[in-house]
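Okay, thanks everyone, let me put this one up on the screen. Have a look while I talk you through it.

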Amino acid sequence: MEVNNSPRVAVIVGSDSDLPVVEGCIKLLKNLGVQVEAFICSAHRTPDKAVIIAKEAHNKGIEVIIAAAGKAAHLPGVLAANTILPVIGIPVKTSLMGGLDSLLSIVQMPSGVPVATVGIDGAENAALLAVQILSLKHPELKDRLKKFREEMALKVEEKNNALREKLETD
Ligand code: RP5
């Protein structure tokens with residue numbers, strides 16, 4: 001049963017310690033007009049729940065799953081194994097290995113079960129990639145993505161102008 005026609009994303013973290021990493025992701029998704037459903041769920045500490053969330057996601061109207069995890073970061077892969085929805089993995093930076101452990105755990109999926117992996121702590125890119133996928137079905141998101149890119153380019157141009165002005169006056 002589909003809940004409504006609004007674009008909807010699930011953001012799932014492996015621990016509450018991952019929450020600061022996904023705050024920006026959730027904010028950006030909401031700013032772009034995407035409904036967010038959030039869960040704390042561990043592939044290792046609550047494995048049954050991870051399977052249930054993945055299996056029920058489609059029927060709840062979720063169209064993309066974003067999953068952030070650190071260390072032996074198996075959450076995105078476990079979710080991907082239990083749904084055909086696209087799963088975007090965010091490797092969380094860790095104190096011992098800087099997030100390389102998380103990155104390799106998420107990106108090196110076996111052939112047949114992909115996880116679209118963004119950079120370490122790449123929460124904003126995860127949100128944007130999710131919205132780009134959603135925009136194929138929800139055309140209103142295309143205009144918002146274009147506006148986001150234009151504003152981003154404008155900010156770079158402003159910094160460029162400020163730099164050039166500074167060099168001229170130095
Ligand atoms: C992973 O272990 C979580 O995604 C988290 O990044 C990491 C550490 O979890 P805590 O010990 O902080 O709960 O499952």
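**Fold first, then the helices**

So, contacts across the chain: in this protein, 68% of the contacts with a separation of 6 or more are between residues 24 or more positions apart, where contact means heavy atoms within 4.5 Å.

Quick housekeeping. This is a predicted model, so local features need pLDDT of at least 70 and side-chain atom pairs count only at pLDDT 80 or more, while totals for chains, interfaces and linings use all residues. Numbering starts from 1 along each chain as its sequence is written, and side-chain values use heavy atoms, with hydrogens and water left out.

Overall, we have 6 helices and 5 strands, and along the sequence they run β-α-β-α-β-α-β-α-β-α-α. Helices here are DSSP runs of H or I with at least four residues, strands are runs of E with at least two, and both are numbered from the N terminus. The C-alpha atoms fill a box of roughly 65 × 45 × 30 Å along the principal axes. There are 170 residues, and 41% of them count as buried. For that, buried is under 20% relative accessible area, exposed is over 50%, and partly exposed is in between, using a 1.4 Å probe and protein chains only.

Now, helix α5, residues 123-134. What does α5 meet in α1? On the α5 side we have A123, E124, A127, L128, A130 and V131, and on the α1 side V21, V22, C25, L28 and L29. Helix α1 is residues 19-31, and the two axes come within 7 Å, crossing at roughly 30 degrees. Those axes are lines fitted to C-alpha atoms over the stretch in contact, and angles run from 0 to 180 degrees between N-to-C directions. The α1 and α5 crossing is right-handed. Right-handed means the near helix is turned clockwise from the far one by less than a right angle, and left-handed means anticlockwise.

Then there's α6, residues 140-169, whose axis comes within 9 Å of the α5 axis and crosses it at roughly 145 degrees. That crossing is left-handed. From α5, E124, L128, V131, Q132 and L134 meet L141, L145, F148 and R149 in α6.

Let me zoom in on A126, which sits in α5. Is A126 buried or exposed? Buried, with a relative accessible area of 0%. Setting aside neighbours within four places in sequence, A126 is in contact with I66, I88, I90 and V118. In sequence, A126 and I26 are 100 residues apart, but in space their C-alpha atoms are 9.9 Å apart.

I26 itself is in helix α1. With neighbours within four places left out, I26 contacts V11 and V36. From I26 to E124 is 98 residues along the chain and 8.7 Å between C-alpha atoms.

Last bit, backbone angles. Most residues other than glycine have a negative phi. K71 has a positive one, near 60 degrees, and lies in the loop between β3 (64-70) and α3 (75-81). K71 counts as exposed because its relative accessibility is 58%. D121 also has a positive phi near 60 degrees, and is found in the loop between β5 (116-117) and α5. D121 is partly exposed, at 32% relative accessible area.

That's my lot, over to you.
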